[in-house]
Amino acid sequence: MSKLALGTVQIGYDSRISFDQAKEIINAAYYEGVRYFDSAPMYGFGRAEYTLSTILRELEIRNNVLVSTKVGRVLNTRGGYCKDPLWYLKNSGYKYDYTYDGVMSSFEDSLKRTGLDHIDLLLVHDLGSIWHGERAHQYWKQFCESGFRALDELRKSRDVSAIGLGVNETEIVLKVAKEFEIDCALIAGQYTLLDHKHSYKDLEKLSESNIAVFAAGIFNSGILASGTIEQARYNYGKVPIDILLKVKEIESICLKYNVSLPTAALQFTASHPAITSLVFGAKSENEVMQNVSSYTQQVPYEFWNELKYKNIISTSVPLPVSD
């Protein structure tokens, strides 16, 4: 597991990214030391899985990397697959299904789509009350009654090496961990420079249970990468005024110490001792290089200390240390 990982949301959904451009992105990530690639059936309705796996084979690096994909959504592919990656975007549709049959069906479809003989990490996608609202209990019941059994069988048979969750909330990971033995969790947007006061302890608890945590959504869906530009987004929506003011203050401190905003975001999230890997997305080879550069930039301790003094970083969390 490398400290930096590449997520394939953009490669899946963004039709402007061609297969050749996706190949450049993945090759650049691998060249820079990335050895973990995350995907899901939902990302482009199969396009991300297909594109990633095909490129890994063409680059002849499949055996050198870890690949994760997800279950919980069963695509309406009706068994159809195509060598044109854009075909998947034109054949969208899915249903939530956390039952034994739903998990197995999704997993088998992923194997057919990717052409892989096994998946390294299999994650349950978006199981939780924040995501599903009033239907959360129904899906939780499906998972408890039979869904986890499917995951456990796949792990025991070595069809997958590890099982866990891929979610946008820490509470559901803690809930699952109390009932079942899971290995890991990919958690998006919960431990970031903007949002971390309530999740720090939750991540500590997961670490105590030997559950590896992979942090995604490090930039809160955009604003911690772009800064306070007009098109900035926060957690996939409009930026609230209090968040906008907070980011403006962070930008001012960044300017004072000559530290980029993405550097502050990446290195802050990486500093939590429970976090094994940072999962970032990229729309180009250049974005890959920028993220790697941001992660490796030297940052003075005084910068972090001022963020804590200004109450931007919670007093309860440790400060990152440049190494």
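Glu204 comes out as partly exposed, because its relative accessible area is 25% (buried means under 20%, exposed over 50% and partly exposed in between, with a 1.4 Å probe and protein chains only). This is a predicted model, so local features need pLDDT of at least 70 and side-chain atom pairs count only at pLDDT 80 or more, while totals for chains, interfaces and linings use all residues. Residues are numbered from 1 along each chain as its sequence is written, and side-chain values use heavy atoms, with hydrogens and water left out.

Glu204 pairs up with Lys201 in a salt bridge, with 3.5 Å between the closest N and O atoms (a side-chain nitrogen of Lys or Arg within 4 Å of a carboxyl oxygen of Asp or Glu). The two sit three residues apart in helix H9 (residues 200-208), so about one helical turn separates them; helices here are DSSP runs (H or I, at least four residues), and strands (E) have at least two, numbered from the N terminus.

In total, the structure holds 13 salt bridges. Another one joins Lys256 to Glu306, at 3.0 Å between the closest N and O atoms. Lys256 belongs to helix H11 (residues 241-257) and Glu306 to helix H14, so this pair ties together parts 50 residues apart in sequence. Lys256 is exposed at 56% relative accessible area, whereas Glu306 is buried at 13%.

Helix H14 (residues 301-309) also carries Phe303, which counts as buried because its relative accessibility is 0%. Setting aside neighbours within four places in sequence, Phe303 is in contact with Ile253, Cys254, Tyr257, Val259 and Ala264 (contact means heavy atoms within 4.5 Å).
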